[in-house]
Amino acid sequence: MLDRTGTLFSHVKPADTDFKGGGLRDFFLYRDLGVAEATHGKVIAHLVKANLPPDGGTGWHRHEADFQIVIMTKGWAKFMYEDKVTLVEAGDVVHQRPGIRHYLFDYSPDMEYLEIVSPADFKSVDVDPVCDIPPPTPWP
């Protein structure tokens, strides 16, 4: 069948792109997987990994996105989704419904996850606190 989507084929190997700062959070590093370019901004896929210890976390926010999924590939992270603590460990998959208020407040030094979001230029919007946040686990 002929492809009529206008999207491009993309194949990114680990050596093709580096983890870099300058993403949404300065305490994480991001590795672009070429999906935003291949889909002309319809979807972004990147690997995210811990760079600095959790000190304040992401703050309460929501995303203006149609779709968001997090697949934890290494380590663990603790999120508040609304008023519920959620431990996400390697192998876990989380679908963050559009607009859910959340806060990533703790993570392991080896934390790494795949994040897929549509659209690629999704917005992060600060929101009023939902509840108190537990303290993070100190890194060794």
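How much space lies in the largest pocket? About 340 Å³. A pocket here is an open set of points on a 1 Å grid over the protein atoms alone, with protein on both sides within 12 Å along at least five of seven lines. Volume means the space filled by probe spheres set on the points, which are joined across faces, edges and corners.

Some ground rules. This is a predicted model, where local features need pLDDT of at least 70 and side-chain atom pairs count only at pLDDT 80 or more, while totals for chains, interfaces and linings use all residues. Residues are numbered from 1 along each chain as its sequence is written, and side-chain values use heavy atoms, with hydrogens and water left out.

Back to the pocket. Its lining has 24 residues, each with an atom within 4 Å of a point. Nearest the centre are L24, Y30, H46, E115 and F122. By class, 11 are nonpolar, nine polar and four charged. Nonpolar covers Ala, Val, Leu, Ile, Met, Phe, Trp, Tyr, Cys and Pro; charged covers Asp, Glu, Lys and Arg; the others, Gly among them, are polar.

Which strand gives the most to this lining? β1, with four residues. Strands are DSSP runs of E, at least two residues, numbered from the N terminus. At least two lining residues each come from β1 (28-32), β2 (44-50), β3 (61-64), β4 (67-74), β8 (102-107) and β9 (112-118).

Now the sheet. Five strands form an open sheet, in the order β1-β2-β9-β4-β7, with antiparallel pairing. Pairing needs at least two DSSP bridges between two strands. β1 and β7 (93-95) are the edge strands, each pairing on one side only. From one strand to the next, the twist averages 20°. The angles are taken between N-to-C directions of lines fitted to C-alpha atoms, and run from 0 to 180 degrees. β1 and β2 are antiparallel and joined by five bridges. R31 sits opposite L47 in β2.

Next, β8. Why is β8 largely enclosed by the rest of the structure? Because six of its six residues are buried, meaning under 20% relative accessible area with a 1.4 Å probe, protein chains only. Strand β5 (residues 76-81) runs antiparallel to β8, with five bridges between them. M80 faces Y103 in β8 as its opposite residue.

Last, the cavity, where a 1.4 Å probe fits but cannot get out. The whole structure has one of 30 Å³ or more. The largest cavity has a volume of about 50 Å³. Its lining includes H63, D66, F67, R97 and H102. That lining divides into four nonpolar, five polar and two charged residues.

How values were computed: Buried < 20%, exposed > 50% of the residue type's maximum accessible area, 1.4 Å probe, protein only.
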